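Work through the exercises below with the sequence and the model open. Each task is followed by a solution in steps.

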Amino acid sequence: MKGLSPRQSTFGWLLCHRKLPTDDIMRKKGISLASKCIMCGFHSETLPHLFLNCSVSRIIWENFLSCFGLIWKDQSSIAELISWWKRKRRILSVKDPWAAGLIIVTDTIWKERNHRWHGGKSRDASLLFKKILRTLKESNLDLKGVIRSTADLLCCRKLGLHAAPGDPPSILEVIWCKPPLAWSKIKIDGSSMENPGRAGGGVVIRDSNGKVIFSFKNFLGISMNYYAEFMSFLHGIRHAMGQRITNLWIETDSVAVVTAVQGKSLPWFALQKWLSLQHYLNSISWKITHCFREANPIADYLAKSAAKTGLSGTMKDFPTHIIEEIRWDSFSKPRFRL
Ligand SMILES: [Zn+2]
């Protein structure tokens with residue numbers, strides 16, 4: 001793990017694999033001893049008690065978590081703590097100090113326990129917390145670009161870490177382009193709720209004024225995003241054929257679809273359908289381009305709606321926010337991509 005010394009990494013491994021010689025583990029090995037937690041002096045020493053439930057440890061966790069704006073949650077085992085920690089890591093921006101913190105906090109508790117065992121003077125929770133912050137600072141973690149909000153800045157300050165705010169985000173204007181006269185533009189999108197999960201495809205065909213001439217949503221069962229994108233692409237062409245479109249501009253936010261079509265290397269599951277559409281594609285003018293997803297809200301809505309409801313069919317009535325999106329495109333107004 002980034003920023004940890006080999007000794008700390010070894011400690012982390014021992015902790016995860018229940019190899020630290022706490023009293024409960026020693027007893028399982030047949031060594032009988034009267035057990036008392038040397039940290040609080042009340043309970044018998046078990047791995048979960050020492051690291052999770054002991055009053056001294058709890059204060060340390062509470063202090064550490066408060067830096068991240070989080071509240072300590074009772075954990076029944078080290079494994080549960082680790083999986084909770086991993087889940088939180090996904091949503092936090094200050095990731096490396098968070099990840100390293102788990103080992104540094106537990107390692108500090110363990111060192112204090114051993115220090116007391118060997119007759120050392122007890123240090124209270126606030127002193128131990130200061131020690132944790134010092135260790136974190138000395139870990140030389142990479143903090144470039146971690147500050148994206150005031151909360152991140154506050155978190156680094158509380159941890160005593162110096163992290164400069166990153167560059168301001170660049171903003172890109174994304175404008176939906178109307179197709180040229182006599183051309184139709186088809187937008188396609190595929191969406192899987194859990195990837196893999198309930199999936200749907202959306203197809204919307206618009207004329208050169210931006211008017212919707214056809215729209216369709218298709219429930220695709222349980223599948224991956226990748227599969228849903230290709231299926232929507234193929235369904236889209238089939239619908240264009242049904243509408244007798246002769247100048248067809250296909251647009252998708254899936255780079256995979258554009259690359260596969262341009263490189264003539266479609267995945268196996270799409271091949272049969274793709275070949276069956278060749279006679280139509282060879283008889284018309286057509287092209288395929290990539291667009292950012294910000295320019296694809298209508299097909300995206302259709303795909304998600306199919307995935308959620310499990311229904312397929314043509315769509316005529318859109319909710320107000322989608323009608324607004326259609327109007328927005330017709331006026332060639334921009335959307336913004338951060
Ligand atoms: Zn205790």
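A residue is buried if 20 or more other C-beta atoms lie within 10 Å of its own, exposed if 12 or fewer, and partly exposed in between. By this rule, buried residues make up 33% of the 338 residues in the protein chain. The model is a predicted one.

**Exercise 1. Overall form**

Describe the secondary structure and the extent of the protein chain.

Solution. 
- Step 1: The chain holds 14 helices and 8 strands.
- Step 2: Its radius of gyration is 29 Å, while the globule rule gives 20 Å for 338 residues; the chain is therefore more spread out than a compact globule.
- Step 3: Along the principal axes, the C-alpha trace spans about 90 × 45 × 35 Å.
- Step 4: Take the contacts between residues at least 6 apart in sequence: 70% of them join residues at least 24 apart.

**Exercise 2. A pair of helices**

How do helix 5 and helix 6 run relative to each other, roughly parallel or roughly antiparallel?

Solution. 
- Step 1: Helix 5 covers residues 78–91, and its axis comes within 9 Å of the axis of helix 6.
- Step 2: The two axes cross at roughly 170°.
- Step 3: Angles over 145 degrees count as roughly antiparallel, so helix 5 and helix 6 are roughly antiparallel to each other.
- Step 4: On the side of helix 5 the contact is made by Trp-85, Lys-88 and Arg-89, and on the side of helix 6 by Lys-95, Trp-98, Ala-99 and Leu-102.
- Step 5: Sorted by class, this contact has 4 nonpolar, no polar and 3 charged residues.

**Exercise 3. Positive phi values**

Locate Ala-182 and Arg-244, and decide for each whether the residue is buried or exposed.

Solution. 
- Step 1: Phi of Ala-182 is near 70°, which is positive in a residue other than glycine.
- Step 2: Ala-182 sits in the loop between strand 1 (172–175) and strand 2 (184–192).
- Step 3: Ala-182 has 10 other C-beta atoms within 10 Å, so Ala-182 is exposed.
- Step 4: Arg-244, also a residue other than glycine, has a positive phi near 55°.
- Step 5: The loop between helix 9 (225–242) and strand 5 (247–252) contains Arg-244.
- Step 6: With 8 other C-beta atoms within 10 Å, Arg-244 is exposed.

**Exercise 4. Distance in sequence and in space**

How far apart in space are Asn-195 and Asn-225, C-alpha to C-alpha? Treat Leu-154 with Cys-67 and Leu-234 with Ser-276 in the manner of that pair.

Solution. 
- Step 1: Asn-195 lies in the loop between strand 2 and strand 3 (197–206). Asn-195 has 13 other C-beta atoms within 10 Å and is therefore partly exposed.
- Step 2: Asn-195 and Asn-225 are 30 residues apart in sequence, and their C-alpha atoms are 5.8 Å apart. Not counting residues up to four places away in sequence, Asn-195 touches Met-224 and Asn-225.
- Step 3: Leu-154 belongs to helix 8 and is partly exposed, with 15 other C-beta atoms within 10 Å. Between Leu-154 and Cys-67 there are 87 residues of separation in sequence and 7.8 Å in space, C-alpha to C-alpha.
- Step 4: Leu-234, in helix 9, has 20 other C-beta atoms within 10 Å and so is buried. Leu-234 and Ser-276 are 42 residues apart in sequence and 10.0 Å apart from C-alpha to C-alpha.
- Step 5: Beyond its neighbours within four places in sequence, Leu-234 is in contact with Ala-270, Lys-273, Trp-274 and Leu-277.

Key
Residues numbered from 1 in each chain as written. Predicted model: local features only at pLDDT ≥ 70, side-chain atom pairs only at ≥ 80, totals over all residues. Helix = DSSP H or I, 4+ residues; strand = E, 2+ residues; numbered from the N terminus. Rg over C-alpha atoms; globule rule 2.2 N^0.38 Å. Contact = placed C-beta atoms within 7 Å. Axes fitted to C-alpha atoms, helices over the stretch in contact; angles between N-to-C directions. Parallel < 35°, antiparallel > 145°, perpendicular 65-115°, else oblique. Nonpolar A, V, L, I, M, F, W, Y, C, P; charged D, E, K, R; others polar.
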